[in-house]
Amino acid sequence: MIVKTEAIVLRSRKFRETSKILTLYTREYGKLSVIAKGARDRRAKFGSALDSMNYVVAIIYKKENRDLHLLTQCDSIKSFNKLSEDMDRMAAALSIIELVEVVTRAEDESKALFNMVVQTLEAVNTATTNAMNVLYFFEMRLSEILGFRPNFHQCSRCGASIGQVSDGTKEGELHLSSGGVLCGKCSHERIGHGIISAAGLRILQEIQKVPHGEAVTSMTLSSQLRDEVHTALRRHLQTHIGGLHRLKADAVFSAIM
Ligand SMILES: [Zn+2]
């Protein structure tokens with residue numbers, strides 16, 4: 001079956017003398033591995049469309065019950081060419097790409113997730129400040145799309161609304177939980193995983209509220225707040241997604257923290 005689909009190139013690697021194998025996150029068919037024969041020839045017909053993080057339209061000869069499909073044509077819709085201009089943008093984009101690779105599967109299409117990936121990469125690409133916040137925005141939306149939106153307004157144990165964070169806690173800190181956060185009373189009983197400060201919690205609530213990724217690039221966070229927000233969101237994802245350990249992109253990330 002020959003299919004045409006929009007896709008994001010998650011990974012592109014050399015194969016044998018002249019070919020490439022790509023991992024594509026497609027709009028209609030989820031994550032697919034494809035081979036681009038002759039992609040490394042001098043007269044290559046694909047040009048630079050096969051580079052990772054490109055937004056493309058691909059024509060694929062899709063074989064039933066096979067893991068590797070044949071890419072027959074691939075044209076760039078958009079290359080997010082500013083991603084490599086600074087470390088912040090690069091780290092955010094690499095993390096997004098890697099998260100998508102971990103959470104998606106073949107034939108598991110989600111237009112909501114696909115659109116979110118395209119929009120978020122675009123927001124990172126154009127971010128002149130605080131590009132990492134766009135990653136946090138993406139992690140928040142990813143949880144939502146996958147069905148485990150964290151609740152940072154009510155205690156996930158007793159349901160009490162989270163008012164003054166200092167209530168019942170010594171240092172104005174609350175404990176995180178698998179569903180979001182614990183109230184002062186439940187935090188006091190120390191059954192949570194990790195802690196979040198009042199300021200960190202407000203940032204999480206704000207990121208959850210904004211309508212799109214561009215909206216968070218004006219929020220400048222201290223490195224301690226970045227660390228708290230990053231840890232809270234990543235722990236939340238790790239609790240709900242099997243096999244999500246430390247991302248390779250985190251090595252780039254920790255270099256800029
Ligand atoms: Zn509680």
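Biologist: Is Cys 158 buried, partly exposed or exposed?
Modeller: Cys 158 is partly exposed, with a relative accessible area of 47%. Keep in mind that this is a predicted model.

Biologist: And Cys 186, buried or exposed?
Modeller: Cys 186 has 1% relative accessibility, so it counts as buried. The cut-off for buried is under 20%.

Biologist: Which residues coordinate the zinc ion?
Modeller: Cys 155, Cys 158, Cys 183 and Cys 186, each through SG. The distances are 2.3 to 2.4 Å.

Biologist: What geometry does the site have?
Modeller: Tetrahedral, with angles of 106 to 114° among the four donor atoms.

Biologist: How are the donor residues spaced in sequence?
Modeller: The pattern is C-x2-C-x24-C-x2-C. Cys 158 sits in the loop between strand E6 (151-155) and strand E7 (173-177), while Cys 186 is in helix H4 (residues 184-188), so this pair ties together parts 28 residues apart in sequence.

Biologist: New topic. Why is strand E3 described as largely enclosed?
Modeller: Because five of the seven residues of E3 (residues 30-36) are buried.

Biologist: Which way does E3 pair with strand E2, parallel or antiparallel?
Modeller: Antiparallel, over seven bridges, with E2 covering residues 19-26. The two form a hairpin with three residues between them.

Biologist: Which residue of E3 stands opposite Ile 21?
Modeller: Ile 35.

Biologist: How does E3 run relative to strand E5?
Modeller: E3 and E5 (residues 68-79) run parallel, joined by three bridges. In one of them, Ser 33 has Leu 68 in E5 as its bridge partner.

Terms used. Residues are numbered from 1 along each chain as its sequence is written. This is a predicted model: local features need pLDDT of at least 70, side-chain atom pairs count only at pLDDT 80 or more; totals for chains, interfaces and linings use all residues. Side-chain values use heavy atoms; hydrogens and water are left out. Donors are N, O and S atoms within 2.8 Å of the metal (3.2 Å for Na, K and Ca); water is not among the atoms, so sites may look incomplete. Four donors count as tetrahedral if all angles lie between 85 and 135 degrees; four count as square planar and six as octahedral if opposite donors are over 155 degrees apart and all others between 65 and 115; anything else is irregular. Helices (H or I, at least four residues) and strands (E, at least two) are DSSP runs, numbered from the N terminus. Buried means under 20% relative accessible area, exposed over 50%, partly exposed in between (1.4 Å probe, protein chains only). Two strands pair if DSSP finds at least two bridges between them.
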